[in-house]
There are 4 protein chains.
Amino acid sequence: MTKQHVGFVGLGAMGRPMAENLLKAGFDVTVWNRSPDKMQALVDQGARKAERLAEVAKPHGIVLSMLADDAALEEVALGDGGLVEALSPGGLHVSMSTIHPETARKLADAHAEHEVGYLAAPVFGRPDMAAAGKLFVTWSGWHSYKERAQPVCAAFAQGFYDYGSDDVAAANVVKLAGNFMLASAMEAMGEAYAFCEQQGIAREQVNAQMTETLFACPAYKNYGDLIARHAYAPAGFTATLGLKDIGLALDAGRQAKVPMPLASLLRDRLLSLTARGHGDKDWSALGLAIAHDAGNDPTER
Amino acid sequence: MTKQHVGFVGLGAMGRPMAENLLKAGFDVTVWNRSPDKMQALVDQGARKAERLAEVAKPHGIVLSMLADDAALEEVALGDGGLVEALSPGGLHVSMSTIHPETARKLADAHAEHEVGYLAAPVFGRPDMAAAGKLFVTWSGWHSYKERAQPVCAAFAQGFYDYGSDDVAAANVVKLAGNFMLASAMEAMGEAYAFCEQQGIAREQVNAQMTETLFACPAYKNYGDLIARHAYAPAGFTATLGLKDIGLALDAGRQAKVPMPLASLLRDRLLSLTARGHGDKDWSALGLAIAHDAGNDPTER
Amino acid sequence: MTKQHVGFVGLGAMGRPMAENLLKAGFDVTVWNRSPDKMQALVDQGARKAERLAEVAKPHGIVLSMLADDAALEEVALGDGGLVEALSPGGLHVSMSTIHPETARKLADAHAEHEVGYLAAPVFGRPDMAAAGKLFVTWSGWHSYKERAQPVCAAFAQGFYDYGSDDVAAANVVKLAGNFMLASAMEAMGEAYAFCEQQGIAREQVNAQMTETLFACPAYKNYGDLIARHAYAPAGFTATLGLKDIGLALDAGRQAKVPMPLASLLRDRLLSLTARGHGDKDWSALGLAIAHDAGNDPTER
Amino acid sequence: MTKQHVGFVGLGAMGRPMAENLLKAGFDVTVWNRSPDKMQALVDQGARKAERLAEVAKPHGIVLSMLADDAALEEVALGDGGLVEALSPGGLHVSMSTIHPETARKLADAHAEHEVGYLAAPVFGRPDMAAAGKLFVTWSGWHSYKERAQPVCAAFAQGFYDYGSDDVAAANVVKLAGNFMLASAMEAMGEAYAFCEQQGIAREQVNAQMTETLFACPAYKNYGDLIARHAYAPAGFTATLGLKDIGLALDAGRQAKVPMPLASLLRDRLLSLTARGHGDKDWSALGLAIAHDAGNDPTER
């Protein structure tokens, strides 16, 4: 029996394990990445390498994309030799990047003009969850697209959250909300643990109590450990990318007329981190910025 | 066999179910409350009523206190006919209120002068958890006091977190940190859900996703439901009390030289809630303040 | 002797008195405004009316623009029949709107491609100062352009601040900095006067002291009076426009890696004002938002 | 003719030039300071030195105090051998320190019990203005006390602002409001100048423009120069004292139910400055903290 073909664009920290899981699940995967060197590892595992972006798609086929920002996605989707052209009428683009809802709406319209399907399907989970096939897909768009994408995405997802089809960007809104909630949790832990530490209590001890009881959930367990130990490298998701996402949330919030002062605080913290040379650290380095402001920077000891 | 006697001071929303659980566990409980009418319900369940505060304690005995603020506790402990006098040398005061660490240190010293034990033992959990015997006790002080208090507190606690004896106020520091983390979670949910709602997504739907996945823990499940539904009355813990606790955290943080801008944000929000007449609502009414600022106040619809 | 011709685009609250002063100073003024009805008042005072935008400019001539936002300016300058086309090589566009520095750089490049001069020349001062010919022009760009523009701008300006020609957008940066400083002064007064009022001191009395002594300067005198009296209508400059400008400052600050938490606070306040229906009030309605948060909203008395 | 006797307590950066001006104006001045070494300079200029605090006052006489904080003032006024005792009925204590309004009310009551007058008379102006006799006195309390104090205070003051006698602490409220406004202006300049600098514009140039035009007033001229040059030592008023004052404002604001998010921001900034070892710098080092957060700390170049 012929394997189903899937194109995959964007082999960063998240995209690579997602593509690997597609291979493991038996799909015929063609990959493309702007930096070509990142493709070899996938080829070694059985993927085909697209020499040009257009080759990643089969006409009427399905392509998943996982890119760093709105501009990269727009270029990949709408540029010359991009996905919309390559997929031709009847194809489906499953767009998993974290982008501005406005960009999603604009892209969906541009795809529709060419009779190519567009499904907003951002994911929650860090690289290790992607590798374990435990991502949560949040999606919005036409039901038929979800039916088509579901067996593919099941290769790396443990759950699907459906936000209907009224607004193709609804899933992007939820994704921004979720990332904001993650960063907020980090800020809260960072302040709380610095507060305890400077009063003589070990960061790890209070982290253990909180993440065993009131905050016994993945967000706090994962990031609490990093913040308690000030372990911000290597990055699962960089401060620079975190700054981008909080910026998207603030901009979408402005359009929707929702003041988000906590998001403003996070933005200013992440911006200071990047200004002071920590942009490539994990975004949980919010905890580093907090300790720094308290005169207790672990990198200066 | 004689029942062990336990005195209990402070029959508010938390103290009452705690005292009830002591009765159910077979202790001989004497209760005292500043407003006498709150004692009757406990008497109906088998408690003795102290006519005067001093009667709540037996010499060399054990008394638990659960009061609204530092001033109330200082009056009860150190005032004329207060606990220190009544317990006499050899007694033990298990102090469970959320108070300033400085107050705890001062009280411990004052107790020690009279050879009365002082154990800092604040609890995490809302009234329903107190009723279910599911509180988490966080304590600091001499080990022997904990051994003595443990069988008593087991009547309403599901777990104990021990912060040693170097600083009698360590548990109070952790309690303030935890309450700050709770309020931070509420602010994050409040902003996130308003952000989603004003972009057409039901608050309950995004709350369901978040509390099933990344934030599947008691703090988010409990408060997320209240915030998603804008259900801020009756209060489990009032905005006025929340303001007090965040104020204590900020003051202790100032002494320890830890800037806590998220705590400052929470303080200003809670202060605005009290200024605008919502001080008696649950402190999760942070979600109300956020919706209000976004021009979407559910109480004005 | 022939009068010098000057084109003027944008007859809003600021542009109208500026154009009127050009007429009074003896220039031959042609005006254009997107909403045609605003042109009649100027025609009554001797201006010519451009039927189409292109008519506002004479080939190789000079045109001043004073528009509401970046998009309006880009359309006017670069659109079909826009200023760049109409001015033809040798013309000069004196661009006085408050815009993003990036927009200024982009516009300057686009003008240069057509050999049309572009001078960044934003102004400080409210409509009454425009009418009195008392604006402060802040400019950057080629020296020869300033020499050419100076006799024209002198009709409405009392002073010129020159930021050289290294970066054509330098004046736009300073303009955003200045507007941010104005809004910051309003926030400070708003909080201070609410603080005094709720402790029994008349807003006007403390405003009088401050603006006679430490803060005896136009920014505080002008806005202090409005804030002390809660007099936010009619608007000299709306909260909606203020939100736009603070948003531009935050975005330029992000690019330059400068966290501006006070600007973030102003943004959230102005956003809340617009969300709650006060977008058309003067931006000094920051003082209204502050009083509102303190439970003392003058519009609700 | 006999010189009028005046006692003066507190010879810090402000108190010393104030006392010197009393000597120059021909008063018979007795000084007292907790650190005795600071008294010698005044003795050299003709003052008497009080060996004990009580000697600073003549019975029924007048004493001015200028101390660092509430605790120091309470000790000096109400302690054994303190001013209330020494002044005896009919004396007048002109209290010029920046203190909590509650402390002022409490002190006024305690003085009244002993039939000693208490006049709240905090001053605006830095040490150089004190030396030049150019302070602004802001006062509240009984009219007869002001009549008695006015000829004395005229030795160092250029103006008097009277907040009546309904609330003896009204002047303290205004003083806190004014200091908050000063720190707010510094924050605004600090952010604006960093914003300009990181976009290639000299701090001094934008400072010059702003302080010549919209912000041509003492607060901006004085502090703008320090912030533009990052010249934070020696301190006219330390960051540590600034933190104390903003803390007082926030606490009084809490009691009066006025959220002051800009004050919260200032508090967190000043707290971080003290945590990072800059507490003895001038409070305008807010500009240093801002540059630091932008990765452009002048002390690290």
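A salt bridge is a side-chain nitrogen of Lys or Arg within 4 Å of a carboxyl oxygen of Asp or Glu. The exercises below concern a predicted model.

**Exercise 1.** State how chain A is divided into domains, and describe the contact between them.

*Solution.* Begin with the bounds: domain 1 of chain A covers 5-168, and domain 2 covers 173-300. Next, take the centres of the two domains over C-alpha atoms; they are separated by 28 Å. The contact draws 17 residues from domain 1 of chain A and 19 residues from domain 2 of chain A.

**Exercise 2.** Determine how much area the two domains of chain A bury between them, and which residues of domain 1 lose the most.

*Solution.* The size of an interface is often given as the accessible area lost when the parts come together. For domain 1 and domain 2 of chain A, this area is about 1,400 Å², with 65% of it on carbon and sulfur atoms. On the domain 1 side, the most area is lost by Thr98(A), Phe124(A) and Arg126(A), which together account for 43% of what that side buries.

**Exercise 3.** Find the salt bridge across the interface of the two domains and characterise the domain 1 side.

*Solution.* The rule finds one salt bridge across this interface. Six residue pairs are in polar contact between the domains. On the side of domain 1 that touches domain 2, α5 (101-113) and β7 (123-124) of chain A each give two or more residues. The largest share, three residues, comes from α5(A). By class, that side has nine nonpolar, three polar and five charged residues.

Note on methods
Residues are numbered from 1 along each chain as its sequence is written. Chains are lettered from A and ligands numbered from 1 in the order in which they are written. This is a predicted model: local features need pLDDT of at least 70, side-chain atom pairs count only at pLDDT 80 or more; totals for chains, interfaces and linings use all residues. Side-chain values use heavy atoms; hydrogens and water are left out. Domain bounds come from an automatic or database domain assignment. Contact means heavy atoms within 4.5 Å. Buried area is the accessible area (1.4 Å probe) that two parts lose on being put together, summed over both. A polar contact is a pair of N or O atoms within 3.5 Å; within protein, one must be able to donate a hydrogen and the other to accept it, and residues adjacent in sequence count only if both atoms are side-chain atoms. Helices (H or I, at least four residues) and strands (E, at least two) are DSSP runs, numbered from the N terminus. Ala, Val, Leu, Ile, Met, Phe, Trp, Tyr, Cys and Pro count as nonpolar, Asp, Glu, Lys and Arg as charged, and the others, Gly among them, as polar.
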